[in-house]
Amino acid sequence: MYYEHHVHLYGCLTAEDVWLLGREVWQQRHAQLDWFADSYRRGFGVDPQYQKFWQSDAGYDLLRMAYEVNTGLSFAQFQAKCNLLHALFPLNAKSCEQIWERVLTRDMASGLIYAEYRTMYPATMAVEHFRMVNAILARKVAASGKSFQPRFAISLARQPDLAISQYQQLAALKDELTYLTAIDLCGDEEDYPPQLYQQLFALIRADNERSKRKLAILAHVGESFSRVHVASSIRWVVQAHMLGVQRLGHAIALGVEIASMEGKTVKESRAERAAHLRWLADNPLSDYGYVCDQQFLQAESQRLELAGNAVNGVVELSYDDASMQDTMALQAAALRYAQDKGMVIESCPTSNRYLASIDADEHHPLVKFAEHDLTLTISADDPGIFVTNIAQEWEIAARLVPASFLQKLKTQQSLLCSEKLISSRLY
């Protein structure tokens with residue numbers, strides 16, 4: 001009997017699902033599949049040859065290779081694989097109804113008793129679309145005799161102004177969308193620091209204060225750091241929580257092994273590096289043991305000033321001794337902050353391992369999360385893509401953390417559902 005707090009509807013589709021459903025529509029989706037193939041070539045340097053997926057004896061195996069994840073990869077590469085789903089299955093009533101029915105029927109029979117599915121905001125006919133989703137969930141609850149309780153969270157656009165517009169439309173509907181429990185931000189986070197959503201989060205919190213129907217605030221953050229320094233990613237996790245995010249998706253930056261980055265470099269926007277240094281100068285985590293080293297801060301500020309004419313406003317940052325020492329201290333303080341504030345992290349063991357390219361068990365973020373006794377959900381994220389399920393994710397967690405910590409997590413899961421969070425703690 002499992003609770004699932006972080007799972008994406010489309011990511012629940014297995015390779016077999018994609019192949020079976022795709023063979024009925026792929027010939028009408030050539031333009032979109034060409035887009036998928038182009039993104040795949042950019043990510044992996046090879047052509048996925050999607051035409052063969054349904055036209056050759058080896059087509060299913062070729063699709064599996066292009067779709068499934070079983071090794072470390074960048075977020076851009078992961079997104080390229082996900083693009084197959086978006087190319088084949090547009091966000092419209094016909095396509096989504098078929099997917100919802102398939103996923104919910106399977107999950108209802110799997111032992112799940114509660115699941116919050118993330119679904120994207122469609123470009124057109126959003127009101128009709130979400131009413132359809134709500135009706136499907138209501139039917140499944142009734143069919144299960146209320147033993148299966150599915151919910152949905154809507155992932156808004158990463159562009160802040162568009163996200164606000166989308167939320168405002170949802171706010172007018174939320175009384176009738178009885179299975180909608182949360183607002184989410186997902187996708188590539190690295191160009192979108194949490195501060196951009198200060199107005200959105202404040203708007204949701206204000207609505208929650210004056211309305212009986214409340215929506216939790218969720219956000220993917222600290223999941224990837226290929227275009228930002230991991231120190232910035234740690235800051236984003238803390239800032240997201242301070243802004244009112246009630247469950248933080250992944251937060252890998254809080255648990256990643258900093259020593260594994262020794263000698264590497266990352267290119268970060270000059271504006272974001274300046275924002276990070278200003279944040280450090282304010283010593284926001286001084287109560288948790290981090291006080292910015294003034295010599296380090298001065299040296300980094302001077303380096304940034306010298307990079308004032310950097311190409312495209314990007315600066316190259318090294319994981320040298322000084323940077324790593326400061327980042328380790330910052331991470332340790334952020335973990336103490338997370339424990340003290342009761343931060344809730346949605347931990348997805350398999351996807352975290354692959355997206356952070358973690359080879360050794362002892363370097364998995366769950367290890368540090370357990371050491372600091374953090375509040376976690378265990379989730380499968382995109383089980384179809386990562387070839388996993390919620391039971392396997394708990395088995396992985398059992399290998400990584402002490403049995404006593406695991407048992408505590410199991411007792412917490414029912415308390416971490418969006419409805420429970422939003423009713424017990426308004427930010």
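Colleague: Which elements do the buried residues of α12 pack against?

Modeller: They pack against α9 (230-242), α10 (270-281), α11 (294-306), β8 (314-318) and α14 (365-371). This is a predicted model, in which local features need pLDDT of at least 70 and side-chain atom pairs count only at pLDDT 80 or more, while totals for chains, interfaces and linings use all residues. Residues are numbered from 1 along each chain as its sequence is written, and side-chain values use heavy atoms, with hydrogens and water left out.

Colleague: What makes a residue of α12 "buried", and which residues are they?

Modeller: Buried means under 20% relative accessible area, exposed is over 50%, and partly exposed is in between (1.4 Å probe, protein chains only). In α12 the buried residues are S323, M324, D326, T327, L330, Q331, A333, A334, L335, Y337 and A338. The helix itself is a DSSP run (H or I, at least four residues; strands are E, at least two), numbered from the N terminus.

Colleague: How do you know that the span of α12 agrees with its number of residues?

Modeller: The expected span is 1.5 Å times one less than the number of residues. For the 21 residues of α12 (residues 321-341) that should be 30 Å, and the end C-alpha atoms are 30 Å apart, so the two agree. Just after α12, G342 takes a positive phi of about 70 degrees.

Colleague: Why are α7 and α8 called roughly parallel?

Modeller: Helix α7 (residues 160-171) and helix α8 (residues 198-210) pack at an angle of about 15 degrees, with axes 10 Å apart. Axes are lines fitted to C-alpha atoms, for helices over the stretch in contact, and angles run from 0 to 180 degrees between N-to-C directions. Angles under 35 degrees count as roughly parallel, over 145 as roughly antiparallel, 65 to 115 as roughly perpendicular and the rest as oblique. The pair is therefore roughly parallel.

Colleague: What forms that contact?

Modeller: With contact meaning heavy atoms within 4.5 Å, A163, I164, Y167, Q168 and A171 of α7 meet Q199, L200, L203, I204 and D207 of α8.

Colleague: Why does M125 count as exposed?

Modeller: At 60% relative accessibility, M125 counts as exposed. M125 lies in the loop between β2 (112-120) and α6 (126-143), and has a positive phi of about 50 degrees although it is not a glycine.

Colleague: What makes D373 "partly exposed"?

Modeller: The relative accessibility of D373 is 36%, so D373 counts as partly exposed. D373 sits in the loop between α14 and β10 (375-378), and its phi is near 55 degrees, a positive value in a residue other than glycine.
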